[in-house]
Amino acid sequence: MKTLYTSTYSPYQSFTREEWRQLESHPNFPISEMDLTQLHALNEPLTEQEIQDIYLPLCRLLQIHITHNKHMHEEYATFFNRESRHVPFVIGIAGSVAVGKSTTARVLQKLLSMNQATPKVDLLPTDGFLYPNKELERRGIMDRKGFPESYDAKKLLNFLSAVKSGRGELQAPVYSHLYYDVLEDEVQLIDHPDVLIVEGINVLQVSKSDSRHHRRRVFVSDFFDFSIYVDADADNIAQWYIQRFIKLKETAFQNPDSFFYQYASLTDQEATDLATEVWRDINYKNLIDNILPTRFRSSLILEKSCNHEVRGVRIRKV
């Protein structure tokens with residue numbers, strides 16, 4: 001007789017918020033000394049409780065991986081009888097527009113840098129590796145900004161390759177959300193950090209195979225030691241995107257230098273209609289076609305509820 005198996009198998013372990021918050025973390029961590037206003041994004045709440053329940057256990061988990069990675073490099077150096085070169089531990093953070101990737105990245109940067117073992121933690125947004133607007137216009141893809149083809153993937157891959165080779169004093173391009181463009185005369189210096197956090201919607205994406213060349217393609221995620229996907233229901237993300245757009249209309253868009261100054265005088269209803277259209281025609285399509293399919297390529301998934309709080313965590317089994 002054939003045995004029927006009803007259990008569902010998954011490469012991930014799942015934790016409820018309550019289960020996750022009970023994991024070992026840092027009971028004496030000085031959360032009250034942190035300026036939370038410098039960490040969370042516009043219209044996205046961040047509480048001490050969220051840091052205590054979610055980010056401290058996550059930080060502890062990352063430190064386990066970082067320590068293991070360091071020991072492995074030291075043992076490799078001993079085995080090969082060669083001097084070990086300092087190589088940063090690289091963390092990738094992916095997810096949709098408006099889902100809270102930047103907040104997650106800033107919180108982890110702050111927490112990890114407060115540990116003596118990893119005092120230097122750099123944060124690299126991949127927005128800087130977008131093609132400049134003039135190049136997007138030349139290619140006729142300005143309306144697909146944020147889609148895979150709008151990034152200079154080769155430049156990003158070369159940069160991460162240099163990071164993982166142990167090179168220092170690397171210059172990364174900088175993106176301005178005020179001008180909605182890459183800044184030509186400004187760079188971010190990445191110089192031998194203990195940890196490098198790479199944040200962007202594109203970091204777990206896999207390029208399509210080039211049938212003309214029978215060789216293995218290299219992907220951004222190949223340079224990650226750990227990766228995180230920030231997840232939420234699409235309807236919730238849409239609502240957050242629209243709310244953020246309206247808030248920006250009342251604040252940053254009021255700056256005459258802003259690329260979006262043209263929307264500063266919109267009524268709330270007009271802004272809602274415009275944001276809804278942009279979400280539906282651009283960001284939602286990018287999420288479904290290019291971002292969401294990468295979710296299960298991550299090491300860990302943060303599942304957020306409608307109020308931005310993490311309701312559950314999935315961690316890839318080892």
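Visitor: Which residues does Pro193 touch, not counting residues up to four places away in sequence?

Guide: Pro193 touches His86, Pro88, Lys120 and Asp122, when residues up to four places away in sequence are not counted; contact means heavy atoms within 4.5 Å. The model is predicted, so local features need pLDDT of at least 70 and side-chain atom pairs count only at pLDDT 80 or more, whereas totals for chains, interfaces and linings use all residues. Residues are numbered from 1 along each chain as its sequence is written, and side-chain values use heavy atoms, with hydrogens and water left out.

Pro193 sits in the loop between β5 (181-190) and β6 (195-199); strands (E, at least two residues) and helices (H or I, at least four) are DSSP runs numbered from the N terminus. Because its relative accessible area is 1%, Pro193 is buried; the term means under 20% relative accessible area, with exposed over 50% and partly exposed in between (1.4 Å probe, protein chains only). The C-alpha atom of Pro193 is separated by 5.6 Å from that of Val121, although the two residues are 72 apart along the chain.

Ala98 is placed in the loop between β2 (89-95) and α3, and its phi is near 70 degrees, a positive value in a residue other than glycine. Ala98 counts as buried because its relative accessibility is 12%. His308, in the loop between β8 (300-304) and β9 (310-316), has a positive phi of about 80 degrees although it is not a glycine. At 8% relative accessibility, His308 therefore counts as buried.

Helix α3 (residues 101-113) contains Lys101. Lys101 is buried yet has no salt bridge, Glu199 being the nearest side chain of opposite charge at 4.2 Å. A salt bridge requires a side-chain nitrogen of Lys or Arg within 4 Å of a carboxyl oxygen of Asp or Glu; Lys and Arg count as positive, Asp and Glu as negative, and His and the chain ends are not counted. A polar atom of the Lys101 side chain lies 2.9 Å from the backbone oxygen of Ser96.

As to confidence, the mean pLDDT of the protein is 90, and 89% of its residues reach 70 or more; pLDDT is the predictor's confidence in each residue, from 0 to 100.

Note on methods: A polar contact is a pair of N or O atoms within 3.5 Å; within protein, one must be able to donate a hydrogen and the other to accept it, and residues adjacent in sequence count only if both atoms are side-chain atoms.
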